[in-house]
Amino acid sequence: MTRQSPRPGAVPTQLTFEDALGELAAERTQAPVGEVAADDADRSREGAERPAGGAASYAEPAAGGSSGERAGSSEAGQLTLSGVPAGGRDRGRGGTVPGEIWRQLLDHAETRRRYQARVYRREADRCWYWLGAVSDTGHGKLKASRAAGRSIVVTAHVYGWQLTHGPIAARAGEDLVIGHRCDEPSCQNPEHWELIPRARNGEDYRARRHRGTGPLADHRGAHGRAVAIREAIKTARDAGTDVEAAITATIAAGYAQTPGLF
């Protein structure tokens, strides 16, 4: 993730992952010992209950990048999990957001409203598409704020998962991602998510990427597909036309052969 350079004398308004860690460290040095101990106890309680992994999932593996309003990816847009990176190392491609900061983001009423407003809900068994900014890998991106401190761009479904289940408290050595059973990176339906090891997520992707149908077969790629569906929903909704018909037509267009190639 990159941050725009502020104007001279201006206070930065965008918080990077590294800033979040540094800011938390500074806060801890000034906090009473009792408060720090309470935070540690909270994290222990959060780690006590963890949902088991489900069936297949998908988050397109990718090299590191930057997150912006397009928005770029942070290792497939999945690195905004709290906790300790595997092996105690800094991931180097986004880092982690501490659980304390996640709680502040989740408690911010306007951020919750902004997230909910960008989710197009459908029946419980269908994908709920993201209508906001989308990363290169098709994951939704959300600018999350808190009562005190700067805003931070997070991955939408990672925010949504924790809004539903509470902050993730990964233990040392764990490398977790929230995968999509539906293979739609922009999907915000909690029923389609699962918290699983990154290695398994990659295995699932490699096993299913060559299937002839489904989201992974879309010739537009994850980003192109997510944007096309987003725009189809917004256009149909604004025009008062059939949104479901627009979604169906847009998805079908992703499998059409390009004229002249065959």
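Colleague: How many salt bridges does the count come to by the rule?

Modeller: The count comes to 14 salt bridges, where a salt bridge is a side-chain nitrogen of Lys or Arg within 4 Å of a carboxyl oxygen of Asp or Glu. This is a predicted model, in which local features need pLDDT of at least 70 and side-chain atom pairs count only at pLDDT 80 or more, while totals for chains, interfaces and linings use all residues. Residues are numbered from 1 along each chain as its sequence is written, and side-chain values use heavy atoms, with hydrogens and water left out.

Colleague: How do you know that the side chains of Arg126 and Glu123 meet in a salt bridge?

Modeller: Their N to O distance is 3.6 Å, and the rule asks for a nitrogen within 4 Å of a carboxyl oxygen, so the pair qualifies. The two residues also belong to a network of salt bridges that links Arg122, Glu123, Arg126 and Glu244.

Colleague: What makes Arg126 count as partly exposed?

Modeller: Its relative accessible area is 32%, and the scheme calls a residue buried under 20%, exposed over 50% and partly exposed in between (1.4 Å probe, protein chains only). Glu123, at 43% relative accessibility, is likewise partly exposed.

Colleague: Which parts of the chain does the pair of Glu194 and Arg181 link?

Modeller: The side chains of Glu194 and Arg181 meet in a salt bridge of 3.8 Å, N to O. Glu194 lies in strand S7 and Arg181 in the loop between S6 and S7, 13 residues apart; helices (H or I, at least four residues) and strands (E, at least two) are DSSP runs, numbered from the N terminus. Glu194 has 2% relative accessibility and therefore counts as buried, whereas Arg181, at 33%, is partly exposed.

Colleague: What is the distance between the closest N and O atoms of Arg208 and Asp183?

Modeller: Those atoms are 2.5 Å apart, and the residues form a salt bridge. Arg208 lies in helix H6 (residues 198-208) and Asp183 in the loop between S6 and S7, so this pair ties together parts that are 25 residues apart in sequence. Both Arg208 and Asp183 are buried.

Colleague: Why are strand S6 and S7 said to be joined?

Modeller: Two strands pair if DSSP finds at least two bridges between them, and here five bridges join S6 (residues 176-180) to S7, the two running antiparallel.

Colleague: What makes helix H3 mostly covered?

Modeller: Seven of the nine residues of H3 (residues 99-107) are buried, among them Trp102, Leu105 and Leu106.

Colleague: Why is H3 called roughly perpendicular to H5?

Modeller: H3 and H5 pack at an angle of about 85 degrees, with their axes 10 Å apart. Axes are lines fitted to C-alpha atoms, for helices over the stretch in contact, and angles run from 0 to 180 degrees between N-to-C directions. Angles under 35 degrees count as roughly parallel, over 145 as roughly antiparallel, 65 to 115 as roughly perpendicular and the rest as oblique, and that makes H3 roughly perpendicular to H5. The contact (heavy atoms within 4.5 Å) is made by Trp102, Leu105 and Leu106 of H3 and by Val158, Tyr159, Gln162 and Leu163 of H5.
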